[in-house]
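User: I'd like to learn how to read a structure like this one. Can you walk me through it, feature by feature?

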Amino acid sequence: MTVDNGRATATFGPTMLTRRLFVACAALLAVSSWAGRPLLSPAFAQSADAGAAAFIQKLGNDAIATFSDKAKPRQQALDQFRTLLYKGFDVPYIGRWVLGRYWNEATEAEQAEYQKLFEQLIVTTYAERFIEYSGETFRIAGTAPEGETDTMVTTQIVRPNGPPINVAWRVRKRGADYKIIDMVVENVSMGVTQRQEFASVVAQNGGKVAGLIQALRQKVGRAG
Amino acid sequence: MQGQGRTAIRPEFALTEKSRRTMKLASLSRSLLRSAAVAAFALSVTACATRPADSGADAYAVSDPLEGVNRVVFGFNDVVDTVALRPAAEVYVTIVPDPVRDSIHSFIDNLMSPIYIANNLLQGDFEGAGHATGRFLTNTVLGAGGIADVATAAGIPNKPEDFGQTLAVWGVGSGPYLVLPLLGPSNLRDTVGYGVDTVGDPIRIWAYANDHKTLSYVRTGVSAVDARSQVLQSVDDLRRNSLDFYATVRSLYQQRRQADIANKPAGAPEFPDFTAPPAK
């Protein structure tokens, strides 16, 4: 949300510009930042749950430490991704939430197979991105309470190429543990996206969860 | 079941904070509001007429009454993308160096500033208009005519506002989801908005008045390739990982628009506790 002003000024510091241009620059920036200030108000002024932010910080550090090592065999990296995934995310909860009202319409056997396939889909979708880690860093931009039980931890992921990405993590506390239950990338909830996609697949298969399971089987079979 | 109550609050019909602010300005801009009200009414009527009575029991069900036609157009766009736009974007990324592409991107975007400023004003968002004007001045003067995005580096990020968002702030419903040929995902309201932005674009008006139509076409082409080049990897990922690419794009579009209109993240979904799941 906020951009480091100090760093920006350094990039466009006086050494690069003549004095007159620098004065003009400073004046214009003063005007624009005055104009822009109300939009940059601290939306995350009060912190909700410091533990949730610490949890995200640690998980992110672990992920970077794990995938920085490029010499690692592929299978080992995949296993470590799965470990981190379960440490950080409540995968069964997300799977069930994403299926929405169709969860109750599925048989127990379908629910079990769906959950297995859902986990494989997550792994095939995201593992590659982590294994191909190429120097991204992140910083926690803020925390805010969300709903009655959760904390939204906002992070900014800084990439070596391209503009930074804003990702918010919805964290739920269960006993002493924290788990991520949704991930919001540039204001788009991955949970909602997947839920709407799955609903569409079920609808196209005559409202049958079996159709979704079939599609998932093909997807993870082909990609994995 | 979950969040049944949420279905009743259709975000596009809810009065936003901004539209309330617009109302405070009623005395200043009565005639503007009158025409806005007419437009809003006309569009909401169409929207209601095409909206199915029951949008589904699921709070996250999407309204897409024209899905059949939309999927056909989506398929057509996909072919155009595969054979023309994506390859063009790949060539562009390969042969044009990063800093040059950044400059082109900033330059194109800076040319859109008059539209952003106007739409902020139409939404009654004077802070936003000041912000957009500050960006425009900063980048035009210090950014050498817009080829350097000095403003973003100085902590004034880009916040595009288009006429579709303006209509939404005025209370116009989105209407049915539409996939436009070549232009991609939209809805009835945003299609109208796109038309108004295009017709009202000062650069286009200038180009047409001075017989520089070719420049206008070049800009459109470069914008398309530039926009596509920004999302090469994300779109490839999405396409590869989707079970239903059409539904994924529809969901992304609608969520992004909601956040853009509200200028903040859309209302977070409800995540009920499943610790006591219903039998079966």
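This is a predicted model: local features need pLDDT of at least 70, side-chain atom pairs count only at pLDDT 80 or more; totals for chains, interfaces and linings use all residues.

User: Okay, then in which helix is the place of B:Asp226?

Analyst: B:Asp226 sits in helix α11 of chain B.

User: Does B:Asp226 count as buried or exposed, and why?

Analyst: Buried means under 20% relative accessible area. B:Asp226 has 5% relative accessibility, so it counts as buried.

User: What does B:Asp226 touch, leaving out residues up to four places away in sequence?

Analyst: B:Tyr92, B:His105 and B:Ile108.

User: How do the axes of α11(B) and α12(B) cross?

Analyst: Helix α11 (residues 213-230) and helix α12 (residues 232-241) of chain B have axes that come within 4 Å and cross at roughly 60°. Angles of 65 to 115 degrees would count as roughly perpendicular and those under 35 as roughly parallel, so α11(B) and α12(B) are oblique to each other.

User: Which residues meet there?

Analyst: From α11(B) you have B:Arg228, B:Ser229 and B:Gln230, and they meet B:Leu232, B:Val235 and B:Arg239 of α12(B). By type, the residues of this contact split into two nonpolar, two polar and two charged.

User: Let's move to sheets. How do strands pair in general, and what is the strand order in chain A?

Analyst: Strands of a sheet pair through backbone hydrogen bonds, in either a parallel or an antiparallel way. In chain A, five strands form an open sheet in the order β1-β2-β3-β4-β5, with antiparallel pairing. Its edge strands are β1 (137-146) and β5 (188-189), each pairing on one side only. Zooming in, nine bridges join β1(A) to the antiparallel strand β2 (residues 150-158) of chain A. As one example, A:Gly142 has A:Thr154 in β2(A) as its bridge partner.

User: Which helix lies across β1, β2, β3 and β4 of chain A?

Analyst: That's helix α3 (residues 50-68) of chain A, which runs at about 155° to β1(A).

User: And which members of the largest nonpolar core touch the most others?

Analyst: A:Tyr114 and A:Val171, in a core of 51 residues. Helix α7 (residues 108-131) of chain A gives the most to this core, with nine residues. A second, separate core has nine residues, including B:Tyr177 and B:Phe245. Back to A:Val171: beyond four places in sequence, its contacts include A:Phe55, A:Val153 and A:Ile180.

Terms used:
Residues are numbered from 1 along each chain as its sequence is written. Chains are lettered from A and ligands numbered from 1 in the order in which they are written. Side-chain values use heavy atoms; hydrogens and water are left out. Two strands pair if DSSP finds at least two bridges between them. Helices (H or I, at least four residues) and strands (E, at least two) are DSSP runs, numbered from the N terminus. Contact means heavy atoms within 4.5 Å. Axes are lines fitted to C-alpha atoms, for helices over the stretch in contact, and angles run from 0 to 180 degrees between N-to-C directions. A nonpolar core is a set of buried Ala, Val, Leu, Ile, Met, Phe, Trp, Tyr and Cys residues joined through side-chain atoms within 4.5 Å. Buried means under 20% relative accessible area, exposed over 50%, partly exposed in between (1.4 Å probe, protein chains only). Angles under 35 degrees count as roughly parallel, over 145 as roughly antiparallel, 65 to 115 as roughly perpendicular and the rest as oblique. Ala, Val, Leu, Ile, Met, Phe, Trp, Tyr, Cys and Pro count as nonpolar, Asp, Glu, Lys and Arg as charged, and the others, Gly among them, as polar.
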